Amino acid sequence: MTDAMINEKNLIEGRTGKWEVVLGLEVHAQVTSHSKLFSGAATDFGAEPNTQVSLVDAGFPGMLPVINQICVEQAVKTGLGLKAQINLTSVFDRKNYFYADLPNGYQISQFLQPIVGKGTIVLDLAEGEHREVGITRLHLEQDAGKSLHDQHPSKTYVDLNRAGVALMEIVSEPDMRSSEEAAAYLKKLRSILRYLGTCDGNMDEGSMRCDVNVSVRKVGGPLGTRCEIKNVNSIRYVAAAIEHEARRQIEVIEEGGSIRQETRLWDPGKGMTRAMRSKEQAHDYRYFPDPDLLPLKLDAAWVESLKAGLPELPDAKRARFVKDLGLSDYDAGVLVSEKESADFYEAAAKGRDPKLVANWLTSELFGKLNAVGKSITESPVSAKALGELVGLIEDNTISGRIAKDVFTEMFETGKPAGQIVEEKGLKQVLDTGAIDVEIDKIMAANADKVAEYRGGKDKLFGFFVGQVMRAMGGKANPAMLNERLKSKLAG
Amino acid sequence: MTDLTHLTIADALDGLAAKKFSARELTDAHLKKMAALKKLNAYITETPEKAREQADASDKRRAAGGKVGALDGIPLGIKDLFCTEGVQTTAGSHILEGFKPTYESTVTKNLFDAGAVMLGKLNLDEFAMGSSNKTSYYGNVINPWKRRNEDGGCDSTDLVPGGSSGGSSAAVAARIAMAATGTDTGGSIRQPAALTGTVGIKPTYGRCSRWGIVAFASSLDQAGPIARSVEDCAIMLGAMAGHDPKDSTSVEMPVPDFRKGLTGNIKGLRVGIPKEYRVDGMSQEISDLWAKGAEWLKSQGAEIKEISLPHTKYALPTYYIIAPAEASSNLARYDGVRFGLRVPGNSLDEMYELTRAAGFGKEVKRRILIGTYVLSAGYYDAYYLQAQKVRALILKDFTDAFKQVDVILTPSTPSAAFGFHENEGDPVQMYLQDVFTVTVNLAGLPGISVPAGLDAKGLPLGLQMIGRAFDEETLLRSAQVLERAANFTALPAGV
């Protein structure tokens, strides 16, 4: 990062001046796979405790790990999606520590030679700003089991369903400078993972977890000592934890103290971080290459074939929507941020006016879905149905104004647009004669206003439009109505 | 009827095929002798019911005239490091006392699929760590061999059977198993074989599956047989070996018919004599026997060449870094949480401490400490990483040597069997037992020990032959020629 990249609005005002916060994120993303990283046990979320555990996962004597090729494939795809270097040789190491939910007494991870090296990710920030953040590495590792401390007054229960599940640890460079950027990073990473189908990105189910490294420094100064905040399990909490931690560090320093390198835990209840263990208390993990596993060698041609088969990712899709479909960068960004919305949009826009469909989707459908707390995949209006509605506008069957009423009914009843228009007789009137008749009636009934209009009170035009529309049940073609009204009022 | 327990596997298979005796008779003869020789403490768990059941099933197969396995009806002992379904598997440790696996190791499954009969689980050094079988929680195994007194009588001193496969070697020597499985991490098959007048082969790393074998040092551990002839070892190894997708280090290669490869012909075979194996203080007896071995092979048409394995002197220290490092991690799973011994404590850490303090013996603790130390931050580069580099150099020594020779001949051990109170005190003295054998594990090569003669006190001595990776055929063929020349027919006292 150069000083040139310092953004004034990200700086935090302290007593002694302005501070810059420096952030790096470590994300643990659970690999989408039917079985675990080194065993055939299932990985379904929410199963009864200890029902998805093989002898390998439970660390029984003589059990050996065998790498799951699907997990390797997912990691490589993710690396490719992050435009990262794929290491054709990588090594699995043992990270040794004792804990009740770590059956082997070591976690199989990748330490010195990860499967994926340096890459990049583009953040989509407010006001259409984009910024690139470096990815340091991605490695494969096993998850641990779960210790349940609240099931018995004096005992801890252990659930090994999660033990051995494949995780991708994705480490960013310390390139972020605000909680907004950290949140944007997580959103973008999650979006890419979901596009790739390599992680479902559900933070509330723990399939995407985040540790945040936070330090502060005076603008232009050397990097400060960092603290690692663990257990931040939603994007909102990540932002809150960063805000709190940055302020805490600034206060400590401004009061003459210094920051200790330590691991801190985010307490969402109290909205603050607290010390967990210091650097001195840190484990010595005694990493060494796992002798049960040979180095992982990838075939370059296989990697190429995965690359060729990658789906279109959000950045490329947004660029295409802007360039080929004429959408604004903002609208395109909104549509591509979730793969499901982009898919929905593309299905709805097939053969229709892409901008019109984008407008209907971003303003009308998203608004209504938000109001009822549903996601795009749960939308009562299908992509096809929305496309049909836009089709009716395009071929002048209904006006945009009527279309809004039709849409509301579609959303409530799930009926197709054509049926609603038919049943309610909402087809718009394109017959100038019929429109003329109504205009004449209204002008006759409001002769005073006609006179005022003709006397220069242009604003009354809207009044006449409204009156005629109401009289025609909103079905008059707005363009025709305007044109006819203008000419008649002109006398 | 002759004593069936003295038969080789090859002869027993012929006898069974010719219906001279039944598998049940063969098994019963062994069970009877096991009862008589309990004082040897070779078995931790005897499984007579299972043995009879398997023997009867074998007899039925033969009676039905169908296809029989390569070891059909042959009673074996299984080192208690192999997990056996439903049968206690202890690894010689208190911490696994009472542990009954719900699964069968690949090697034992292969043996049972070949029709073998299991007599029981054989004693061993705790977690296969030792060269004397003295570290077993289940007591010492007594070597059936005794020293000869000066007056020609039998000395009463109990001798070690070697280790870690001491139960295996003692049982095979004492005729209470026709053959046994062993595992060899630094010499644990070959050294006990040498000390008991039996034949033991450690195949190439990757030849036998490690799945279901309690791990000691994963990059060195390899299963193999101990038997009373090279031919029996060939039969056993053929049944034990094979690729196993459950072991990522097992090699996908066809298993040759080792027995068929025993042609007795070694004309033109180039035999290497590594000069670095003439270690300081080597006894004249060992030195003479080694020379005699070379002569025997030469007289059968082999060409003897002196070779150099320059990094040999670093092998033992290298081994005693790598093996404990891997062990310290492999043994972390014995924590009292899921199986085996648990000593309750007031906290998780206290439970770990009490369980592991009570569950592990002194030698195991020593190696866990060494292993933890050499992997620690600040020491890793100086010890573990350095040891890995030396290991690569040792492998290169062998690769270079095998450009000039086909097999290598060395002594198996620096001495014959010793008493239980000898070699005590200084653990390094005990570690020296492995001086000729560890290089083979570090290089992943096959090695075999063949009984070649008796020392002045009437105790067996072995010669070791080392082969190219995955060339057990040449190794076994050469070893059989050596075996025939040595014509080792001595029997332990009272057997």
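**Chain A, overall**

I started with the secondary structure of chain A and found 15 helices and 16 strands. Helices here are DSSP runs of H or I with at least four residues, strands are runs of E with at least two, and both are numbered from the N terminus. I am reading a predicted model, where local features need pLDDT of at least 70, side-chain atom pairs count only at pLDDT 80 or more, and totals for chains, interfaces and linings use all residues. Residues are numbered from 1 along each chain as its sequence is written, while chains are lettered from A and ligands numbered from 1 in the order in which they are written.

Next I checked the spread of chain A. Its radius of gyration is 30 Å, well over the 23 Å that the globule rule gives for 491 residues, so chain A is more spread out than a compact globule. The radius is taken over C-alpha atoms, and the rule is 2.2 Å times the number of residues to the power 0.38. I read spans of about 95 × 55 × 55 Å for the C-alpha trace of chain A along its principal axes.

For burial, 40% of the 491 residues of chain A count as buried. A residue is buried if 20 or more other C-beta atoms lie within 10 Å of its own, exposed if 12 or fewer, and partly exposed in between, with C-beta atoms placed from the backbone. I also looked at contacts (C-beta atoms, placed from the backbone, within 7 Å). Among those in chain A between residues at least 6 apart in sequence, 69% join residues at least 24 apart.

**A sheet in chain A**

I then picked out an open sheet of 3 strands in chain A, with order 5-4-15 and antiparallel pairing. Two strands pair if DSSP finds at least two bridges between them. Strand 5 (106-109) and strand 15 (288-289) of chain A are the edges, each pairing on one side only. Strand 4 (residues 93-96) of chain A is joined to strand 5 of chain A by 4 bridges, and the two run antiparallel. Within strand 5 of chain A, Gln107(A) is the residue opposite Lys95(A).

**Chain B, overall**

I count 15 helices and 11 strands in chain B. The C-alpha trace of chain B spans about 65 × 55 × 50 Å along its principal axes. Of the 495 residues in chain B, 58% are buried. For contacts in chain B with a separation of 6 or more, 77% come from residues 24 or more positions apart.

**Where the chains touch**

I looked up the interface: 33 residues of chain B contact 25 residues of chain A. On the chain B side, helix 9 (315-330), helix 10 (348-359) and helix 11 (362-375) each supply at least two residues. Helix 9 of chain B gives the most, with 3 residues. By class, I find 17 nonpolar, 9 polar and 7 charged residues on the side of chain B that touches chain A. Nonpolar covers Ala, Val, Leu, Ile, Met, Phe, Trp, Tyr, Cys and Pro; charged covers Asp, Glu, Lys and Arg; the others, Gly among them, are polar.

**Helix 9 against helix 11, chain B**

I followed helix 9 of chain B to helix 11 of chain B. Their axes come within 7 Å and cross at roughly 100°. Helix 9 and helix 11 of chain B are therefore roughly perpendicular. The residues that meet include Ile321(B) and Pro324(B) from helix 9 of chain B, and Ile368(B) and Leu375(B) from helix 11 of chain B. I sorted the residues of this contact into 8 nonpolar, 3 polar and 1 charged.

**Tyr138(B)**

I found Tyr138(B) in the loop between strand 3 (117-122) and helix 5 (166-173) of chain B. Tyr138(B) counts as buried, with 21 C-beta neighbours inside 10 Å. Leaving out residues up to four places away in sequence, Tyr138(B) touches Ile44(B), Thr90(B), Gly92(B) and Asn123(B).

**Strand 10, chain B**

Last, I checked strand 10 (residues 447-454) of chain B, where 7 of 8 residues are buried. Strand 5 (residues 199-202) of chain B pairs with strand 10 of chain B in the antiparallel sense over 3 bridges. In that pairing, Gly200(B) has Ser449(B) as its bridge partner. Strand 11 (residues 460-467) of chain B also runs antiparallel to strand 10 of chain B, joined by 7 bridges. I noted Ile466(B) in strand 11 of chain B as the bridge partner of Gly447(B). The hairpin of strand 10 and strand 11 of chain B has 5 residues between the strands, and Gly458(B) takes a positive phi near 80° there.

Key:
Contact = placed C-beta atoms within 7 Å. Axes fitted to C-alpha atoms, helices over the stretch in contact; angles between N-to-C directions. Parallel < 35°, antiparallel > 145°, perpendicular 65-115°, else oblique.
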